[in-house]
Amino acid sequence: MSDAVMDLVGEAGSALKSGDHRQAAAILDPLLALVPNHADANALGGIVSLLHGRASEAAQRLALAFDGLETLSGQVVLSYAAALAALDLTPKADEILAAYPYPQAAKSLLDVADNLVREGRRIEALGILRFIAGLDDPWLDDPAHAFALAVRLVALSDSDAARLVVDRYLAGPDRRFEALAIRAGIDVLAGELDTAAAAMEQLRRHRSDLAEDPRLPAKLHQLHEGWGSEGRDGGANSFGTDHFVALPRSDLLIGRGEEATGWRAARQIVVYHVSESGGTSLVGALDKLNGGRYRACVTRAEADQFAALDDAQRHDISLVHWHLPLPIRPLVSSSARIVSMVRDPVQRVVSHYYWQARHRGQGVPWVSDQIEAGMSLRDWVDWLADREVDALSNWITALEPPRADPQSAAGLLEAADRHIDFLGITEFFDESLFILAALLGADRVPKWERAATGGPPKLSDLDPAIIRRIETITEADREFFHACRSRFLERYGDMVEFHQRHIGSLEMRRA
């Protein structure tokens, strides 16, 4: 068995060296299903996962490789650091590169980020670019290299990180025009078009190569052609047509769009991400459709930084990923649309456990101490029984003023309606995404990708006693979920049927 496994690993390695990533994946994916802890297979599998833009899967596989390999190659080290950075696990990525220094890590990480953009994973690419901006790497002392990093950050609408690169690496008279070009891009993001236009005029006189650099925002080039202030750069143009499904013309969709008051005028979308309900996949899909400025608020510190911005800055961020049970409506524009997904509570509990179990030993802050220490599903469910840990209802009551008595399912639904404009159902993920695109007046629906792979086992494969125990401790949540599901089908049943008849699956699957 061991020889046969290593033969297959060798075949996958040859395919990877020849550039045939899909063939390598075709060998490694079924192999790892049979031998999930094999260190060499996980090392190659993690590298391939990262090349395909699946950072979460890459981090899981490479963590196992780190634990099992006696000697770590530079590519394994770099890929693990890149996967962690893509997931915003910067301290752990720093720890990896500190323990295993990699020459010109910034250059290689930049290549990984570029590949993630090509794979349509802008959010993960942004995580890596931010990580590079914080590195102390001599490669970035070259102004051309620092400019290459900063201009990518501008393209992904992160003016703060771009400004840090300018201040750290583009200070000084010999690189003032590179700094000027990046600041012009930042000015465009902030709507300071006159300032940006003046900077571009300077660049055209002194550094026409920078003024004409195609990596700068299109608006900067349009300013020279008398472009006005209407419109917004569309990052969605960076995604190929294979990332979308065209919406057919239909009286139903036209009528529903006309009923959706305010949706088409909305210039800001907020994903209120209830944990273990598909929120990351939803953000990734809407990012393709939206293409404007994006901001993640998945920690309290990030939420506080967002709240500290002035109104104009907050309202200009077109896609906000809010992954905290905290009120968001007061912080966003009056025309913003807040969307969320809810999932069957039994599935949430099981999925939450197995997600944490897969991330043991990776330094992930969202893994509980109990599961990090090896707690079983049965024991974890018993531990949850006396606590209201991450209950679905808590995500709704967190949006309301505190109250002493628990709310009924009907009361929770009313509270959700006060704060959330669209409440989709994870079990109808494709349909929910289709309905959102139609409400927003889009002519196409973005495809979505799973944020996590190697999901939990089917409920039917688990001990029925554990399932009954979960049903007991989630009784109130299940009542609320079923009310949400029934209301969703009452409101959108005709669109669900239309989707199932004319659109079909929107999931992007690996070949």
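Contact, in these notes, means heavy atoms within 4.5 Å. I'm working from a predicted model.

**Entry 1: Gly-424**

I started with Gly-424, which sits in strand E6, residues 422-425. What does Gly-424 touch, not counting residues up to four places away in sequence? I found Ser-340, Met-341, Val-342, Ser-432 and Phe-488. Next I looked up how covered Gly-424 is: its relative accessibility is 0%, and buried means under 20%, so Gly-424 counts as buried. I also checked Gly-424 against His-145, which is 279 residues away along the chain. The C-alpha atoms of these two are separated by 43 Å.

**Entry 2: Ser-159**

Then I went to Ser-159, and I found it in helix H10, residues 159-169. Is Ser-159 buried or exposed? Its relative accessibility is 10%, so Ser-159 counts as buried. Leaving out residues up to four places away in sequence, Ser-159 touches Ile-186, Leu-189 and Arg-293.

**Entry 3: the cores**

I wanted to see the nonpolar cores next. In soluble globular proteins, nonpolar side chains tend to be buried together. Here the largest nonpolar core has 160 residues. Which residues have the most contacts inside it? They are Leu-109, Ile-128, Ile-182, Phe-306, Trp-322 and Phe-434. Helix H5, residues 74-86, gives this core its largest share, 10 residues. Another core lies apart from that one and has 17 residues, including Val-350, Ile-371, Leu-462 and Ile-470.

**Entry 4: the whole protein**

Time to zoom out. I looked up 26 helices and 7 strands for the protein. The C-alpha trace spans about 75 × 65 × 45 Å along its principal axes. A compact globule with 511 residues would have a radius of gyration near 24 Å, and the protein has 24 Å, so the two agree. Of the 511 residues, 53% count as buried.

I checked how far apart in sequence the contacts reach, too. Among contacts with a separation of 6 or more, 70% come from residues 24 or more positions apart.

**Entry 5: surface and charges**

The accessible surface comes to about 23000 Å², and 49% of it belongs to carbon and sulfur atoms. How many positive and negative charges are there? I noted 54 positive and 74 negative ones, with mean positions 3 Å apart.

Notes:
Residues numbered from 1 in each chain as written. Predicted model: local features only at pLDDT ≥ 70, side-chain atom pairs only at ≥ 80, totals over all residues. Heavy atoms only, no water. Core = buried A, V, L, I, M, F, W, Y, C linked by side-chain atoms within 4.5 Å. Buried < 20%, exposed > 50% of the residue type's maximum accessible area, 1.4 Å probe, protein only. Helix = DSSP H or I, 4+ residues; strand = E, 2+ residues; numbered from the N terminus. Rg over C-alpha atoms; globule rule 2.2 N^0.38 Å. Areas by Shrake-Rupley, 256 points an atom, 1.4 Å probe, with all protein chains shown as cover. Lys, Arg positive; Asp, Glu negative; His and termini not counted. Charge placed at Lys NZ, Arg CZ, Asp CG, Glu CD.
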